[in-house]
Amino acid sequence: MKKQNISFTEVLKNNIYILKICFKECPWHIAYFILMNIVSEIVMFFEWVFGIKYVLESVEYNYPLSRPITFLCIMLAVHTVNALLSGFCWHNIWQKAQPRMQKAIKTILYEKARTLDLECYDNPQYYDKYVLTINEANNLINRATQLLQRIITSVVNIVLYGGFYLYEDKISVLFVISSFALTYIFSILLNKVDFSRRMDCNPIERRREYIHRVHYLADYAKELRLNPEYTDVLNRSFSDANNELEAINRKYSSKKFGLEFLKTYVSDEFIIQVLFLIYLVYRAAVMKAISYSDVVVLFNSARRLKSSLKSIAELFPYAQETSLYVDKMNEFLAYKPNITGGNENIPNNEHTINLSDVGFSYTGDNYVLNDIDLEIKPNDKIAIVGYNGAGKTTLVKLLMRLYDTTKGTISLDGKNISEYRLSEYRNLFGTAFQDFRIFACSLRENVTLSISETDDTEIINALDHAGMKRKLSALKDGLDTQLTTEFSEDGVNLSGGEAQKTVIARAFYQKSPIIILDEPSAALDPISEYELNNLIMEEGQSRTIIFISHRLSTTRNADKIIMLENGRIIESGSHFQLLEQNGKYAEMWAAQAGQYK
């Protein structure tokens, strides 16, 4: 974010990079876009220069009335055809091309987002950069195509109007060049200030956007209505964010005001509309060197040439600002994941996982897990229990290589898991996390999470084994039922328990040899929990199942129970073995079982 003075070569390269994406996706659209802009500027030149000059000279030198009328009719016909072609270009070509180009660049970003390490979401600075990049994707396409348009129109106008000035009055060019030089300098300075302000505002605006989402998303509706006082907390945070934004704007306001004044008045209005006009009147009235028709045409043409030179003056700062955003995107795209796979294929056999002296820290200082030694054999049913913050979810994230261990090793069938191809290794696991998400799509798509051809029988079986048989039969559209009402008025909002069962069905449908269930019955009543536990054990007979649970009724049928406390395994064994030890697990069991005695 500190790097603002970038070279011309880098600016050019970054802008060409975006334009290449546009051209690759829509080559004919871009070509037609360029052609129409050139034609439009040529037509405008003849209309505003030769058209006005011809008409005024007809009056000044008493030409027959038929001559200007004929000329005007011709120009009207040409202008009409040009307007029709331009409108056709905009509505039938360009409006269709823009979504395609935006899709192309967003696809690149989405593909990269899929490869990000999970730790990137824990890094506020990187996450800010990620959000900025995604939000600016459409703007980058718009900025790049606007830059192309401005280059075309500016270059064409400079060639046409510049040639006209050199032919009619060479000294006039000096006034425009002076305006050009000053505008160029002040535009660069102003764009730097604007970019710095935007970078300062970005994290605060993201906080404001979060508060905005909380007020309108259904996820928070119940909590806000049942706890209306929390709205005061949000409003205070929103007010604080606004105050911070006001302070940032005040910080930059005086600089922006001064630069805007110098750029707009001194370099534009004073030089052209005051000094240049005095010069033209002197040339016509005193020196008799040009006609009054030439005064009008030269002065009006100065506006067009000034506008083109001004646009040229602002091209580099504009391209530089675009380049700065492209730099952010390139930094995002250049991120090298720390978690990468090896070249080994997963062997086609039952798998044993070993954890040896495993430790993990999010920050590099305080270890969330430490001294973890564990063997997971084929078809084991293992429960990981412990109080909040014990490290249960972190442990399974290490198993799936969402994070890599800080120390120690995890091996699969005797080889370090980092030696296997990452996608193949992760495909070993079917997962249902506690903080699961139901997507705004059909029930079928929510289970398969795929666009590949699917077998409805397998989807129904997965839902049955997750306890969704009765719910499925009650849905009018069956597997085609749209979940959530975000995009469909006929959509269905599942209850917490039904949503949890749907996510468990995902894990069953994947046919993965290892299933990880994070609090699989947290949203269920005791009867549903009992039924689900039986279904999971029945479905998972030939699979390894790892439970994470606070509710120990889920764990009593496990082959092995791992009790975590402060990131360490303090007890291990079957349900009855741990009860006999009369340790932490027994204490936890007694506390929960006592509620039902």
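Modeller: In the hairpin formed by strand 9 and strand 10, 2 residues lie between the strands, and Asn566 takes a positive phi near 55°. This is a predicted model, in which local features need pLDDT of at least 70 and side-chain atom pairs count only at pLDDT 80 or more, while totals for chains, interfaces and linings use all residues. Residues are numbered from 1 along each chain as its sequence is written, and side-chain values use heavy atoms, with hydrogens and water left out.

Strand 9 and strand 10 (residues 568-573) are antiparallel partners over 5 bridges; two strands pair if DSSP finds at least two bridges between them. Strands (E, at least two residues) and helices (H or I, at least four residues) are DSSP runs, numbered from the N terminus.

A salt bridge here is a side-chain nitrogen of Lys or Arg within 4 Å of a carboxyl oxygen of Asp or Glu. Side chains of opposite charge can pair when their charged atoms come close. Over the whole structure, the search finds 16 salt bridges.

One of them joins Glu41 and Arg304, with the closest N and O atoms 3.3 Å apart. Glu41 belongs to helix 2 (residues 27-60) and Arg304 to helix 9 (residues 292-333), so this pair ties together parts that are 263 residues apart in sequence. Glu41 is buried at 11% relative accessible area, whereas Arg304, at 26%, is partly exposed. Buried means under 20% relative accessible area, exposed over 50%, and partly exposed in between, for a 1.4 Å probe and protein chains only.

Another salt bridge brings together Asp404 and Arg401, at 2.8 Å from N to O. Arg401 is buried, with a relative accessible area of 2%, and Asp404 is partly exposed at 30%.

Arg444 and Asp456 form a further salt bridge, with 3.1 Å from N to O. This pair links helix 12 (residues 443-448), which holds Arg444, with helix 13 (residues 456-465), which holds Asp456, the two residues being 12 apart. Arg444 is buried at 17%, and Asp456 is partly exposed at 33%. Helix 12 also contains Thr448, which is buried with a relative accessible area of 10%. Leaving aside residues up to four places away in sequence, Thr448 touches Thr454, Ile459 and Tyr509, a contact being heavy atoms within 4.5 Å.

On a 1 Å grid over the protein atoms alone, a cavity is a set of points where a 1.4 Å probe fits but cannot get out, and a pocket is an open set with protein on both sides within 12 Å along at least five of seven lines; lining residues have an atom within 4 Å of a point. Grid points are joined across faces, edges and corners, and a volume is the space filled by probe spheres set on the points.

The largest pocket has a volume of about 1600 Å³. It is lined by 31 residues, of which Leu118, Leu402, Arg426, Thr431 and Phe433 are the closest to its centre. Elements that each supply at least two residues of this lining include helix 3 (66-115), strand 6 (429-432) and helix 15 (496-509). The lining of the largest pocket divides into 16 nonpolar, 7 polar and 8 charged residues. Here Ala, Val, Leu, Ile, Met, Phe, Trp, Tyr, Cys and Pro count as nonpolar, Asp, Glu, Lys and Arg as charged, and the others, Gly among them, as polar.

The second largest pocket holds about 1100 Å³. Of its 23 lining residues, Ala218, Asp219, Ile438, Thr484 and Glu486 are the closest to the centre. Helix 7 (221-226) and helix 15 each give at least two residues to the lining of the second largest pocket.

There are 4 cavities of 30 Å³ or more. The second largest cavity, of about 40 Å³, is lined by Asn533, Ile536, Met537, Phe547, Thr554 and Asn557. Helix 16 (residues 526-539) gives the most to this lining, with 3 residues.
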